[in-house]
Amino acid sequence: MRTYACLLFYVMIMKKEMGLVDMLLEFVFELLLEGVVFATKDKKVPLWIRMIIGFLLVALFAGVIAMILVLGVFVTHKAYMNKESIFGGLLIVVLGVVLIIMSVYRIYKYYNEHYKKSEVL
């Protein structure tokens, strides 16, 4: 997967669609995110560090979802005040709501798979 991403970035630089700094930042953030996700699952890392990293990761994704919702509300409000179509803003809001529903479902499913079984035993 990483090789494919590097190849894609190389092609984008050659086509001048993405600058070198953009490519380097994207690559560094991808490595950081992979490292964080790996660290939260690794049993060799102390539990308190995994909890902090997991909390920061959830906060990051919650912040991104909140920004999508706020953007949708602002776009809808601006379009409504200018008597334009509010379809684009509503579509962004629906995307944010769908992301929230999917996140809650995924957390619920993970909790049921990992913690409900241990309580029964």
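Helix α3 contributes 10 residues to the lining of the largest pocket, the most of any element. The model is predicted, with local features needing pLDDT of at least 70 and side-chain atom pairs pLDDT 80 or more, while totals for chains, interfaces and linings use all residues. Residues are numbered from 1 along each chain, and side-chain values use heavy atoms, without hydrogens and water.

The largest pocket holds about 1,200 Å³ of space. A pocket is an open set of points on a 1 Å grid where a 1.4 Å probe fits, with protein on both sides within 12 Å along at least five of seven lines; lining residues have an atom within 4 Å of a point. Of the 23 lining residues, Gly54, Leu57, Val58, Ile107 and Tyr110 are the closest to the centre. Two or more lining residues come from each of α2 (20–41), α3 (47–81) and α4 (87–114); helices are DSSP runs (H or I, at least four residues).

Helices α3 and α4 pack at about 160°, with axes 7 Å apart. Axes are lines fitted to C-alpha atoms over the stretch in contact, and angles run from 0 to 180 degrees between N-to-C directions. The pair is therefore roughly antiparallel (over 145 degrees). Contact (heavy atoms within 4.5 Å) involves residues including Ile65 and Leu69 of α3 and Ile92 and Val93 of α4.

Methods:
Points joined across faces, edges and corners; volume = space filled by probe spheres on them. Parallel < 35°, antiparallel > 145°, perpendicular 65-115°, else oblique.
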